[in-house]
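Open the model in your viewer and keep the residue selection panel at hand. The stops below go from a sheet to a helix and its neighbours.

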Amino acid sequence: MEHEPTPVPGETRDWTFVMREGCPECGWRQWPDVESLRAAWSAAAAAWPGIVTAPGAATRPKPTVWSPLEYGVHARDMIRLLGYRLEAMVSRHDPEFNNWDGDLANVVRRDWATDPRALAADVELAARQTDSVLRSLVPEQLERRGHRTDGAPFSVLTLWQYMDHDIEHHVWDVTGARVQP
Ligand SMILES: [Zn+2]
(Lines give C-alpha, C1' and ligand atoms only; values in the text may rest on other atoms or scores of the structure.)
Protein backbone atom coordinates (compact mmCIF):
# COMPACT_ATOMS: atom_id res chain seq x y z
CA MET A 1 0.00 0.00 0.00
CA GLU A 2 1.70 3.20 -1.13
CA HIS A 3 -0.46 5.81 0.52
CA GLU A 4 -1.43 6.05 4.13
CA PRO A 5 -4.90 4.47 4.37
CA THR A 6 -7.95 5.74 6.21
CA PRO A 7 -7.80 4.96 9.96
CA VAL A 8 -10.22 2.14 10.75
CA PRO A 9 -13.01 3.27 13.12
CA GLY A 10 -12.17 2.31 16.72
CA GLU A 11 -13.50 -0.94 18.15
CA THR A 12 -15.16 -0.13 21.46
CA ARG A 13 -17.24 -3.25 22.00
CA ASP A 14 -16.52 -5.34 25.09
CA TRP A 15 -16.08 -8.83 23.66
CA THR A 16 -16.25 -10.64 27.02
CA PHE A 17 -19.89 -11.57 26.20
CA VAL A 18 -18.58 -14.31 23.90
CA MET A 19 -17.48 -16.19 27.01
CA ARG A 20 -21.12 -16.58 28.06
CA GLU A 21 -22.97 -16.57 24.78
CA GLY A 22 -20.49 -17.65 22.13
CA CYS A 23 -19.77 -15.47 19.09
CA PRO A 24 -22.75 -14.70 16.84
CA GLU A 25 -20.40 -13.79 13.98
CA CYS A 26 -17.81 -16.56 13.70
CA GLY A 27 -19.70 -19.24 15.67
CA TRP A 28 -16.97 -19.76 18.29
CA ARG A 29 -17.91 -21.26 21.66
CA GLN A 30 -15.70 -21.84 24.67
CA TRP A 31 -13.72 -25.03 24.21
CA PRO A 32 -14.89 -27.70 26.67
CA ASP A 33 -11.45 -28.79 27.85
CA VAL A 34 -7.82 -27.69 27.79
CA GLU A 35 -6.75 -30.18 25.12
CA SER A 36 -9.32 -28.99 22.58
CA LEU A 37 -8.50 -25.36 23.44
CA ARG A 38 -4.79 -26.05 22.93
CA ALA A 39 -5.44 -27.72 19.56
CA ALA A 40 -7.68 -24.86 18.36
CA TRP A 41 -5.25 -22.20 19.56
CA SER A 42 -2.30 -23.90 17.85
CA ALA A 43 -4.20 -24.28 14.57
CA ALA A 44 -5.31 -20.63 14.62
CA ALA A 45 -1.79 -19.38 15.37
CA ALA A 46 -0.37 -21.62 12.62
CA ALA A 47 -2.81 -20.21 10.04
CA TRP A 48 -1.36 -16.69 10.13
CA PRO A 49 2.03 -17.04 8.40
CA GLY A 50 0.26 -18.39 5.29
CA ILE A 51 -2.43 -15.71 5.44
CA VAL A 52 -0.02 -12.78 5.62
CA THR A 53 2.24 -14.03 2.84
CA ALA A 54 -0.59 -14.90 0.41
CA PRO A 55 -0.86 -12.80 -2.78
CA GLY A 56 -2.93 -9.68 -2.17
CA ALA A 57 -2.65 -9.89 1.63
CA ALA A 58 -1.79 -6.19 1.88
CA THR A 59 -4.98 -5.10 0.11
CA ARG A 60 -7.87 -3.87 2.21
CA PRO A 61 -11.24 -5.37 1.14
CA LYS A 62 -12.81 -1.98 1.92
CA PRO A 63 -11.08 1.32 2.79
CA THR A 64 -12.01 1.01 6.47
CA VAL A 65 -11.48 -2.76 6.89
CA TRP A 66 -7.99 -4.01 7.73
CA SER A 67 -6.14 -6.08 5.16
CA PRO A 68 -5.20 -9.68 6.03
CA LEU A 69 -1.67 -8.37 6.59
CA GLU A 70 -2.90 -5.82 9.14
CA TYR A 71 -5.02 -8.44 10.90
CA GLY A 72 -1.91 -10.60 10.96
CA VAL A 73 0.00 -7.93 12.88
CA HIS A 74 -2.86 -7.80 15.38
CA ALA A 75 -2.91 -11.61 15.65
CA ARG A 76 0.86 -11.60 16.31
CA ASP A 77 0.29 -9.06 19.10
CA MET A 78 -2.50 -11.16 20.64
CA ILE A 79 -0.44 -14.35 20.46
CA ARG A 80 2.46 -12.60 22.18
CA LEU A 81 0.27 -10.84 24.77
CA LEU A 82 -1.36 -14.12 25.78
CA GLY A 83 2.04 -15.50 26.76
CA TYR A 84 3.06 -12.33 28.64
CA ARG A 85 -0.23 -12.09 30.50
CA LEU A 86 -0.37 -15.74 31.52
CA GLU A 87 3.21 -15.53 32.79
CA ALA A 88 2.22 -12.48 34.86
CA MET A 89 -0.84 -14.28 36.27
CA VAL A 90 1.22 -17.30 37.28
CA SER A 91 4.05 -15.30 38.87
CA ARG A 92 2.15 -12.37 40.46
CA HIS A 93 -0.98 -11.87 42.54
CA ASP A 94 -3.97 -10.81 40.40
CA PRO A 95 -2.09 -8.56 37.91
CA GLU A 96 -3.91 -5.80 36.00
CA PHE A 97 -3.92 -5.61 32.19
CA ASN A 98 -4.57 -2.69 29.89
CA ASN A 99 -7.26 -3.13 27.28
CA TRP A 100 -5.06 -3.45 24.17
CA ASP A 101 -5.88 -0.74 21.61
CA GLY A 102 -5.25 -2.51 18.33
CA ASP A 103 -6.69 0.34 16.28
CA LEU A 104 -4.25 2.83 17.73
CA ALA A 105 -1.31 0.42 17.35
CA ASN A 106 -2.26 -0.05 13.69
CA VAL A 107 -1.99 3.66 12.94
CA VAL A 108 1.05 4.46 15.08
CA ARG A 109 3.11 1.56 13.72
CA ARG A 110 1.91 1.83 10.12
CA ASP A 111 0.87 -1.84 10.14
CA TRP A 112 -0.24 -1.60 6.50
CA ALA A 113 3.42 -1.25 5.48
CA THR A 114 4.63 -4.34 7.37
CA ASP A 115 6.93 -6.72 5.51
CA PRO A 116 4.92 -9.97 5.11
CA ARG A 117 7.90 -12.37 5.32
CA ALA A 118 9.25 -10.71 8.46
CA LEU A 119 5.77 -10.77 9.97
CA ALA A 120 5.32 -14.47 9.17
CA ALA A 121 8.58 -15.26 10.99
CA ASP A 122 7.53 -13.02 13.87
CA VAL A 123 4.16 -14.79 14.23
CA GLU A 124 5.92 -18.16 14.32
CA LEU A 125 8.32 -16.94 17.00
CA ALA A 126 5.50 -15.46 19.11
CA ALA A 127 3.52 -18.70 18.78
CA ARG A 128 6.50 -20.79 19.91
CA GLN A 129 7.15 -18.52 22.89
CA THR A 130 3.52 -18.49 24.01
CA ASP A 131 3.19 -22.22 23.41
CA SER A 132 6.07 -22.85 25.81
CA VAL A 133 4.21 -20.83 28.49
CA LEU A 134 1.01 -22.79 27.80
CA ARG A 135 2.84 -26.12 28.00
CA SER A 136 4.43 -25.16 31.32
CA LEU A 137 1.03 -24.66 33.00
CA VAL A 138 0.03 -27.20 35.61
CA PRO A 139 -3.71 -27.75 36.29
CA GLU A 140 -3.73 -25.75 39.58
CA GLN A 141 -2.46 -22.68 37.69
CA LEU A 142 -5.47 -22.59 35.36
CA GLU A 143 -7.50 -20.89 38.11
CA ARG A 144 -4.97 -18.14 38.88
CA ARG A 145 -6.47 -14.68 38.50
CA GLY A 146 -5.85 -11.40 36.70
CA HIS A 147 -8.11 -8.49 35.73
CA ARG A 148 -8.45 -5.85 33.08
CA THR A 149 -8.25 -2.15 34.02
CA ASP A 150 -12.06 -1.94 33.62
CA GLY A 151 -12.38 -4.62 36.33
CA ALA A 152 -13.27 -7.56 34.06
CA PRO A 153 -11.86 -10.63 35.86
CA PHE A 154 -10.04 -13.45 34.10
CA SER A 155 -8.53 -16.75 35.15
CA VAL A 156 -5.62 -18.25 33.22
CA LEU A 157 -8.12 -20.55 31.52
CA THR A 158 -10.68 -17.87 30.65
CA LEU A 159 -8.03 -15.46 29.33
CA TRP A 160 -6.66 -18.24 27.13
CA GLN A 161 -10.21 -18.97 25.86
CA TYR A 162 -10.92 -15.24 25.31
CA MET A 163 -7.72 -14.60 23.37
CA ASP A 164 -8.14 -17.84 21.43
CA HIS A 165 -11.46 -16.45 20.23
CA ASP A 166 -9.76 -13.22 19.15
CA ILE A 167 -7.25 -14.93 16.88
CA GLU A 168 -9.76 -17.52 15.63
CA HIS A 169 -12.28 -14.76 14.89
CA HIS A 170 -9.81 -12.85 12.76
CA VAL A 171 -8.93 -15.97 10.75
CA TRP A 172 -12.64 -16.19 10.04
CA ASP A 173 -12.68 -12.44 9.20
CA VAL A 174 -10.07 -12.80 6.48
CA THR A 175 -10.76 -16.31 5.15
CA GLY A 176 -14.52 -16.61 5.72
CA ALA A 177 -13.99 -20.02 7.37
CA ARG A 178 -13.36 -21.37 10.85
CA VAL A 179 -9.96 -22.84 11.59
CA GLN A 180 -10.05 -26.63 11.68
CA PRO A 181 -8.00 -27.85 14.68
ZN1 LIG B 1 -16.03 -14.58 16.79
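Which residue of S3 does His147 stand opposite? Select His147 and look across: the residue there is Pro153 in S3. The model is a predicted one.

Next, select strand S2 (residues 145-148) together with S3; the two pair in the antiparallel sense over three bridges.

Now select helix H6 (residues 156-175).

Move on to helix H2 (residues 34-53). With 20 residues at 1.5 Å a residue, H2 should span 28 Å, and the 30 Å between its end C-alpha atoms agrees with that. Colour its buried residues, among them Trp41, Trp48, Ile51 and Val52. The buried residues of H2 pack against helix H3 (68-91), H5 and H6.

Finally, show H5 (residues 116-136) beside H2: the axes are 7 Å apart and the packing angle is about 170 degrees. An angle over 145 degrees counts as roughly antiparallel, and H2 and H5 are therefore roughly antiparallel to each other. To see the contact, select residues including Arg38, Ala45, Trp48 and Val52 of H2, and Arg117, Val123, Glu124 and Leu134 of H5. By class, this contact has eleven nonpolar, two polar and four charged residues.

Key: Residues numbered from 1 in each chain as written. Predicted model: local features only at pLDDT ≥ 70, side-chain atom pairs only at ≥ 80, totals over all residues. Axes fitted to C-alpha atoms, helices over the stretch in contact; angles between N-to-C directions. Helix = DSSP H or I, 4+ residues; strand = E, 2+ residues; numbered from the N terminus. Parallel < 35°, antiparallel > 145°, perpendicular 65-115°, else oblique. Contact = placed C-beta atoms within 7 Å. Nonpolar A, V, L, I, M, F, W, Y, C, P; charged D, E, K, R; others polar. Pairing = 2+ DSSP bridges. Expected span 1.5 Å × (residues − 1). Buried ≥ 20, exposed ≤ 12 C-beta atoms within 10 Å, placed from the backbone.
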